[in-house]
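Welcome, and please open the model in your viewer. We will go from stop to stop, selecting one piece after another.

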Amino acid sequence: MAATDFRGLRRHVNRSVQRVVNRFCEEGEADLVGQYAEHLPMAVMCQVLGMPDEYNDRIVQAARDMLRGTETAIASNAYIMDALQRLTARRRVEPMDDFAGHLIAHPAGLTDEEVSQHLRVVLIAAYEATANLLANVLRQVLIDPRFRSQLNGGQMTVPQAVEQLLWDEPPFSTIFAYYAKQDTELGGRRIRKGDALLFAPAPANVDPRVRPDPTADMQGNRSHLAFGGGPHECPGQDIGRTIAEVGVDALLMRLPDVELSVDEEELAFTESIASRHLVSLPVHFTPRPQQDVRKRPTHENDAPAQQRDWHIEAAPRPAVTAAEPEPRPAPAEPPVPVPPPPAVTEPTPPRNAWQRFLRWWRGY
Ligand code: HEM
């Protein structure tokens, strides 16, 4: 990941925003979780790994299904592994400067199986966390007028807004399966070799010793633990930040008058010990035409009489041309038998302690 070209990455994220927003911008309403935050990171990661053509509704549904651990999760995993194995085989014969190409060229001499398993770890680690981060920042913009006006007025930059949410709502609340390799002491506690440890960024980020006032504006401070720390600190953090920053900025450039369609209290989360996932973010906005995916996102020159309340960059923006809009994608067939999303309104109470434990663990 050290070889990432961030200028190129920002360009891919911008294009992906255009593609994803083109799918709903003419409707005047959307669910920014199901139609945006869950799509953008997958569109970008397919490009980063080296398989831009694999991005579609199918792979997004498969990743979501796999992460939920439903009865079709194994089939969804097989769908994703099939795409990654095809990518690995292609790169063996046709080397390219993408993540799959770098893994194949790695001096460790990885087998095809090792390359495709690495690709899966990276794809899923990147997808889930970045989708959560993007959804959390968008939710904050929509529910908190002060937060939004600080962004509009330039008192807060988009990177600062992203960092604030990494403090307040780290995408992974807890990460488990760490084992002490030797006897040691941590925070005054004796840890024995082989002890299992939980690493929990969410409580760490509100530890009064590092953050006496949990409501304080952290002003871009990056000393939170949302990406972990030490030798295993998230190697993809700057990719995640870039997707979230461009994803928020470009969406608000395209849809500056976007507003929440429900009361804040109606927004539901699925929660588990590991993460908190916003279920949906219904919004409405002035319907707008599709835009050329090669242009930078903008709301200028579109329908008149708009409320232009989103300006975070001083530079004048190029005029929009309606040239080469993305064709509307054909509705995708389901990849695997993906069940309908779980109802979030009134979940049926689990019947026994094991089911209650599973529900708590998985968060749904
Ligand atoms: C904003 C989004 C992200 C968050 C909050 C996040 C968070 C984390 C955390 C907390 C860890 C464990 C760190 C530790 O054990 O100390 C981790 C590991 C990892 N992350 Fe991320 N991550 C994000 C995005 C990404 C992206 C975009 C990629 C890939 C491009 C990625 C790839 C990885 C990998 C491969 C590991 C395992 C590292 C290791 O075990 O050595 N992550 N991430």
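## A walk along the helices

Begin by selecting α9 and α11: α9 passes α11 in a right-handed crossing (right-handed if the near helix is turned clockwise from the far one by less than a right angle, left-handed if anticlockwise). On the α9 side, the contact is made by V158, P159, A161 and V162, and on the α11 side by R241, A244, E245, V248 and D249; residues are in contact if their C-beta atoms, placed from the backbone, lie within 7 Å. Sorted by class, this contact has 6 nonpolar, no polar and 3 charged residues. Here Ala, Val, Leu, Ile, Met, Phe, Trp, Tyr, Cys and Pro count as nonpolar, Asp, Glu, Lys and Arg as charged, and the others, Gly among them, as polar.

Before moving on, a word about what you are viewing: this is a predicted model, in which local features need pLDDT of at least 70 and side-chain atom pairs count only at pLDDT 80 or more, while totals for chains, interfaces and linings use all residues. Residue numbers start from 1 along each chain as its sequence is written. Helices are DSSP runs of H or I with at least four residues, numbered from the N terminus.

Next, select α3 and α7. Their axes lie 9 Å apart and pack at an angle of about 150 degrees (axes are lines fitted to C-alpha atoms over the stretch in contact, and angles run from 0 to 180 degrees between N-to-C directions). The two helices are therefore roughly antiparallel, a term for angles over 145 degrees. This crossing is right-handed as α3 passes α7. Show L40, P41, M42, M45 and L49 of α3, which meet L119, L123, A126, Y127, T130, A131 and L134 of α7. By class, that contact has 11 nonpolar, 1 polar and no charged residues.

Now go to α4, residues 57-68. Which residues of α4 are buried? They are I59, V60, Q61, A62, A63, R64, D65 and M66, where buried means that 20 or more other C-beta atoms, placed from the backbone, lie within 10 Å of the residue's own. These buried residues pack against α3, α5 (73-93) and α7. Just after α4, click on G69, which takes a positive phi of about 70 degrees.

Terms used. Buried ≥ 20, exposed ≤ 12 C-beta atoms within 10 Å, placed from the backbone. Contact = placed C-beta atoms within 7 Å. Parallel < 35°, antiparallel > 145°, perpendicular 65-115°, else oblique.
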